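Trainee: I would like to learn how to read the cavities of a protein model. Please take me through a case.

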Amino acid sequence: MQRSRKALLRRRALESSVLGKKRLYKFSLSLVLVLWGLVFLLKLIGRGDGYKDGSEVCLDDSAWHEADRAAVKLSVEIEPNNHVQDAQTPNGGGGHPVLHVKEEREYPKNDKLSRVAPPGLDEFKSKTVNSREKLVTGQSGSVTHRVEPGGKEYNYASASKGAKVLAFNKETKGASNILDKDKDKYLRNPCSAEEKYVIIELSEETLVNTIEIANFEHYSSNLKDFELLSSLVYPTEKWDKVGNFTAANAKHAQRFTLQEPKWARYLKLNLLSHYGLEFYCTLSSIEVYGVDAVERMLEDLISVQDKQIQR
């Protein structure tokens, strides 16, 4: 009875040892595959473009050759252990081989990567100015309007740039049309409506310098007097007054430059009065020009650098 029990315990110990060996072999195989996968990935990266637009890291070929020659060594050492005893076996169950996995890596000796020096301020300034193609300055001369790559002024009240109409009086129809370029669409109000207004969210927080309004609808009354308010948050009960303006009785775009540029993300346009006796008062478009925070910071940086050079 005791012999059969010892034989059973030995058999269980042997089975557990074999199972442990299988698990370790599987682990070592997975480890080898992962390591070689990493080496293969490094080789692919090394063969790719090492230099893009002068701003990324340029890798030394010698370093990648060293990496190709580097080997990942995985040595499996099996050592006999005659001192391992089964806790359930009083007289010991004999020695079982123990599998030891040792991972050794050889790293390339030359692990220094040559890096491209970042461009200087003069070079950065030159690229930035050239990309703009031309500078458009507001009538007050205090703000340089942001321009698009083609040289056209950047409209912060354009729906294509992300601007939105957030609110308007209940009588208004087609309020979002003033952010589009379609001359056949417009904002329409009965001229008899009181407290006519529209609230616009600009595409970015903008230092507003100039606004442009237009009415191209012939069978309607043109806008005459309007008030412009601004805010950096919305909703809000406190609007900052930008100014009051009077438009000409004309069917073309008209520009108005602010006496003092204002930082704004939201604009409220109060439509106060109109020309003529038509039933509807319309507004075809509104455009907002100025400079956003990033462009302003860049201009200040260039200005300071120019002053230092002049000294």
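Trainee: What volume does the second largest cavity have?

Mentor: A cavity is a set of points on a 1 Å grid over the protein atoms alone where a 1.4 Å probe fits but cannot get out. Its volume is the space filled by probe spheres set on the points, which are joined across faces, edges and corners. Here the second largest cavity comes to about 70 Å³. This is a predicted model, where local features need pLDDT of at least 70, side-chain atom pairs count only at pLDDT 80 or more, and totals for chains, interfaces and linings use all residues. Residues are numbered from 1 along each chain as its sequence is written, and side-chain values use heavy atoms, with hydrogens and water left out.

Trainee: Which residues line the second largest cavity?

Mentor: Lining residues have an atom within 4 Å of a point. Among them are Ile213, Ala214, Asn222, Leu223, His252, Thr282 and Leu283. Strands (E, at least two residues) are DSSP runs numbered from the N terminus; β7 (196–214) and β11 each supply at least two residues of this lining.

Trainee: How do the residues of that lining divide?

Mentor: Into 7 nonpolar, 5 polar and no charged. Ala, Val, Leu, Ile, Met, Phe, Trp, Tyr, Cys and Pro count as nonpolar, Asp, Glu, Lys and Arg as charged, and the others, Gly among them, as polar.

Trainee: What about the largest cavity?

Mentor: The largest cavity has about 90 Å³, and its lining includes Lys196, Asn222, Leu223, Thr282 and Leu283. β11 gives the most to that lining, with 3 residues. The division is 5 nonpolar, 6 polar and 1 charged.

Conventions. 1 Å grid on protein atoms, 1.4 Å probe; cavity = no way out; pocket = protein on both sides within 12 Å on 5 of 7 lines; lining within 4 Å. Helix = DSSP H or I, 4+ residues; strand = E, 2+ residues; numbered from the N terminus.
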